[in-house]
Amino acid sequence: MSGASLYIKKDLKITDVQVEILMGILNIYSLVGSFAAGRTADWIGRRFTVVFAAAFFFAGALLMGFSGDYATLMVGRFVAGVGVGYAIMIAPVYTAEISPASSRGFLTSFPEVSINLGILLGYVSNYAFARLPLSLGWRVMLGVGAATSVLLALMVLGMPESARWLVVEGRLA
């Protein structure tokens, strides 16, 4: 969003305050996902909750990428924010529950490392997409997140469910 905001402002002709709200509102929106993540993880399992978060990322990226006005952009930001809240809560839990005790501390740092790597790749891709025409560049910058969310969901579906959750559900086998 940081790279796209300059182009969004020009293309949609929005004010500085609208840009500031667009940029900062994600933290408030993520509270919704954070509050719901625990219940969802207990209900459908840790692994499927990560997939659920990826679905929010996918939908949010598509909404933002195809938005034609500020309101639709904010709806997309809300959907993506809910996904962020889910991911922030469930990724460390799932990682800790599937990790062997001997490497749990090391492996639980991966979600944080992945977030920072994603931010770096976002800046690099924004630089590359900045050469596109104004009305297309920022949409690609935001929409490309849909591809990474699909990759996340597919990779997690190949992983086992948390043994801790399976035991809680009475699925001892």
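**Helix packing, burial and salt bridges**

User: At what angle do α4 and α5 pack, and how far apart are their axes?
Analyst: Both are helices, which here are DSSP runs of H or I with at least four residues, numbered from the N terminus, as strands are runs of E with at least two. The axes are lines fitted to C-alpha atoms, for helices over the stretch in contact, and angles run from 0 to 180 degrees between N-to-C directions. On that basis α4 and α5 pack at an angle of about 160°, with their axes separated by 7 Å.

User: What pLDDT do side-chain atom pairs need in order to count in this predicted model?
Analyst: Residues are numbered from 1 along each chain as its sequence is written, and side-chain values use heavy atoms, with hydrogens and water left out. In this predicted model, totals for chains, interfaces and linings use all residues, while local features need pLDDT of at least 70 and side-chain atom pairs count only at pLDDT 80 or more.

User: Is the crossing of α4 and α5 left-handed or right-handed?
Analyst: A crossing is left-handed if the near helix is turned anticlockwise from the far one by less than a right angle, and right-handed if clockwise. For α4 and α5 the crossing is left-handed.

User: How far does α4 reach from its first C-alpha to its last?
Analyst: Helix α4 covers residues 46-66, which is 21 residues. The expected span of a helix is 1.5 Å times one less than its number of residues, and for α4 that expectation is 30 Å. The reach in the model is close to this, at 30 Å.

User: Against which helices do the buried residues of α4 pack?
Analyst: Buried means under 20% relative accessible area, exposed means over 50%, and partly exposed lies in between (1.4 Å probe, protein chains only). Among the residues of α4 that are buried are R46, V50, A54, A61 and M64. These buried residues of α4 pack against α3 (26-44), α5 (70-98), α8, α9 (145-157) and α10 (163-168).

User: At what angle does α4 pack with α9, and which residues of α9 make the contact?
Analyst: The angle between α4 and α9 is about 165°, with axes 8 Å apart. That makes α4 roughly antiparallel to α9, and α4 passes α9 in a left-handed crossing. Contact means heavy atoms within 4.5 Å, and here it joins R47, F48, V50, V51, A54, F57, F58, A61 and L62 of α4 to G145, A146, S149, V150, L152, A153, V156 and L157 of α9.

User: Which residues join D42 and R46 in one salt-bridge network?
Analyst: A salt bridge is a side-chain nitrogen of Lys or Arg within 4 Å of a carboxyl oxygen of Asp or Glu, and the side chains of R46 and D42 form one at 2.9 Å, N to O. R46 is buried at 10% relative accessible area, whereas D42 is partly exposed at 47%. Through salt bridges that share partners, D42 and R46 are in one network with E97 and R164.

User: How many residues apart in sequence are the parts tied together by R139 and D11?
Analyst: The side chains of R139 and D11 meet in a salt bridge at 3.1 Å, N to O. R139 lies in helix α8 (residues 134-143) and D11 in helix α1 (residues 4-12), so the pair ties together parts whose separation in sequence, in residues, is 128.

User: Which residues does N126 contact beyond its neighbours within four places in sequence?
Analyst: N126 is found in helix α7 and counts as buried, at 10% relative accessibility. Leaving aside those neighbours, its contacts are S2, G3, A4 and M141.

User: What share of the residues in the chain is buried?
Analyst: The chain holds 10 helices and 0 strands, and its C-alpha trace spans about 60 × 25 × 25 Å along its principal axes. Of its 173 residues, the buried share is 37%.

Notes: Angles under 35 degrees count as roughly parallel, over 145 as roughly antiparallel, 65 to 115 as roughly perpendicular and the rest as oblique.
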